[in-house]
Structure formats: C-alpha cells, structure tokens
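Here is a short briefing on one protein chain. Please look over the sequence and the structure before reading on.

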Amino acid sequence: MTKLTAPEIRAYRVKDGKPPLVMVTAYDAPSARIAEDAGVDLLLVGDSLAMVILGYEDTLQVTVEDIAHHTAAVARTRPSSFVIADLPWMSYHISTSETLMNAAKLIRAGAQAVKLEGGRKRLEMVEALVSAEIPVMGHIGLTPQSVNVIGGFRVQAKNLEDTAVLIEDAQLLEKAGVFAIVLEGVPDVAARLVTESIGVPTIGIGAGPHTDGQVLVFHDLVGLENGVRPKFVRRYAELAEDATKAVSAYASDVRSGLFPNQSETYHASSAVTEEISIYGSKLNF
Ligand code: KIV
C-alpha cells in the first residue's frame, strides 16, 4: 500500500467513483500495526485516548505531551497509512504562536497532519498552520472538546438553522485551507449537504453513509471498550470478552499449578543441575 499524501486526500471524493476513505484511531504500536495490516488509509491519534486509554471522563484532560507520546509510538511502526494527530483542548485557543509550537511537537513526534475542532472560530489558527506548511484536518458537528458548552455528547445540526451554520463552517474551513473535515454526530441529511457543498472530503463518525470516508475508534470496533456504546458504533469483534476469558484461564492455571509446565520452563544441563543441587543441599536456609 502506498501512503496517501495530504494533497491526494484533499482531492479524494466518493462522487468521483472512489470507495470511501477508511480512518481508525490508533494510540499505540500494536493498534497501529493491526490497522496497518488491515489496510486502513488514515490513522488518527485522537484525543479520545483521554477516555479510551487514560480513563478520563472527557477529552479535556490530555495535553500536547500526551498526544505527542502516543503519536511517537504509532509513528515508530512506520505505517504506510497517513498519520493525523489531534491538537488537544487549549493547545490552539490562545495564540497563533502557541498553536504553531504545539502542532510542531506533534509533527516532530511523527504525524503528517493535525486535526482541530471547531468552525468559524478557528479560521485564524487553521490559516497560520497551513502557512507554516502543516496540513490541517477540520472537525465540526459534535466536537467533544466543547462538551461543557454543548451540555453533553449530543447530536448536532438537528434543525435547518444549525445545518446552515454547519455548512457555512465547512465552507469557511475549506477556504482557510483544511484538506479534509471530520463530521461527527450529525444527521445524515446534514452530512450529505455538507459533503456536497465543499471541495474537500468529509470523514463521518455518527454522520451516516453520505460522506467521503468513515472513522471509528479502534477500541469500539474491536470490542475492547465497554463504556457507553453510541448507535453508530459497529462491533466487529469482542476482544474484551476474549481477553477476560484468556486472563481468567491463566489465573486458574497459575492457582492450580498447571502454569508453567516443563516446556514453558528453562532447564540447566543435567551436569549443572546436579552441581547446583549438591551445592543447595549444603546450604543452611
Ligand atoms: O479523538 C477522536 O477519536 C476523534 C474521532 C472521534 C474523530 O476525534
């Protein structure tokens, strides 16, 4: 598989007869290798790692250093998928210089692009990043970093007025230079209109089928996350169940003396074993 570039992703449209782009989150080397072997197009080191990996209640707790740490783990696998790292909350809200320095940390950790949340409020930061040669992915609709303002993880753009605002935000982001836009938690009709109204691809999560790609959280799709499961998550495996069965079988084998067996044990040569046994018999414990 050859790695897509930011300009290739920007030009990628389902309306041109291409299959939807496949994006999945990856927070560490094993998940990056699995996603890579499965042939995904885009890997997202999402700030969802706050909730999925670090056990926080929302995404507001992670720092640039946290995301850089996980981005570096993903990048060390040298994936042929394009790697995008999330700019966490408050890393792109204060000044363009702070935004640029924070994005540079993620690029130096191994990402090829950054993603940030919000529409018209973020245009200055998007433009500054693009002019510093950093590809930017937008993210509108349900933006989890706004959870306290929205009042929960709620579906957005549920009426005509909000859909018009969403479309305008997407158009403004495109004009500011983003190469793609994540649409999260919006009705299918709104996602379809946004997708038709802009010239860069949309990647949906909880946004229905009329987008240029789909993204899911790795742990949701493989069944490693047992928290709240939104209706848009499709489970393709039940790894948490399998892992619990595996660990309880191990615990039972340890307790009953069945683990480790002879083939799982290192042995010294018989001469050394005998020598050590004689030595041991002379020791007074
Ligand atoms: O952090 C994340 O996982 C995301 C996806 C939900 C798009 O931003």
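The points below go from the overall build to single residues.

This is a predicted model; local features need pLDDT of at least 70, side-chain atom pairs count only at pLDDT 80 or more, and totals for chains, interfaces and linings use all residues. Residues are numbered from 1 along each chain as its sequence is written, and side-chain values use heavy atoms, with hydrogens and water left out. The chain holds 12 helices and eight strands. It is divided into domain 1 (6–237) and domain 2 (242–281).

**Overall build**

- Helices (H or I, at least four residues) and strands (E, at least two) are DSSP runs, numbered from the N terminus.
- Domain bounds come from an automatic or database domain assignment.
- The centres of domain 1 and domain 2, taken over C-alpha atoms, are 47 Å apart.
- The C-alpha trace spans about 85 × 40 × 40 Å along its principal axes.
- The radius of gyration of the chain is 24 Å, whereas a compact globule of 285 residues would have one near 19 Å. That radius is taken over C-alpha atoms, and the globule rule is 2.2 Å times the number of residues to the power 0.38.

**Surface, burial and charge**

- Of the 285 residues, 46% count as buried. Buried means under 20% relative accessible area, exposed over 50%, and partly exposed in between (1.4 Å probe, protein chains only).
- The chain exposes about 15,200 Å², and carbon and sulfur atoms supply 56% of that area. Accessible areas come from the Shrake-Rupley method with a 1.4 Å probe; for residues, only the protein chains shown count as cover.
- Contact means heavy atoms within 4.5 Å. Take the contacts between residues at least 6 apart in sequence: 60% join residues at least 24 apart.
- There are 25 positive and 35 negative charges, and their mean positions are 2 Å apart. Lys and Arg count as positive, Asp and Glu as negative; His and the chain ends are not counted. Each charge is placed at NZ of Lys, CZ of Arg, CG of Asp or CD of Glu.

- Helix H6 covers residues 123–131, and its buried residues are Leu123, Met125, Val126, Ala128 and Leu129.
- An α-helix has 3.6 residues a turn, so residues three or four places apart point the same way.
- The cover over the buried residues of H6 includes helix H5 (96–109), strand E4 (113–115), strand E5 (136–141) and helix H8 (160–176).
- Glu133 sits in the loop between H6 and E5. Its phi is near 70°, a positive value in a residue other than glycine.
- Glu133 is exposed because its relative accessible area is 67%.

- Val74 belongs to helix H4 (residues 64–75). Val74 counts as buried because its relative accessibility is 0%.
- Beyond its neighbours within four places in sequence, Val74 touches Ala26, Tyr27, Asp28, Ala32, Leu43, Val45, Pro79 and Val83.
- Val74 and Arg33 are 41 residues apart in sequence, yet 8.2 Å apart in space, C-alpha to C-alpha.
- Arg78 lies in the loop between H4 and strand E3 (82–86). Arg78 is not a glycine, but has a positive phi of about 50°.
- Arg78 counts as exposed because its relative accessibility is 75%.
- Asp58 is in the loop between helix H3 (49–52) and H4. Asp58 counts as buried because its relative accessibility is 14%.
- Leaving aside neighbours within four places in sequence, Asp58 contacts Ala50, Met51, Val147 and Phe153.
- Asp58 and Phe153 are 95 residues apart along the chain, and their C-alpha atoms are separated by 9.6 Å.

**Two further sites**

- Ser97 lies in helix H5. Ser97 is partly exposed because its relative accessible area is 47%.
- The peptide bond from Phe259 to Pro260 is cis, with omega near 0°. Pro260 is in the loop between helix H11 (239–256) and helix H12 (270–281).
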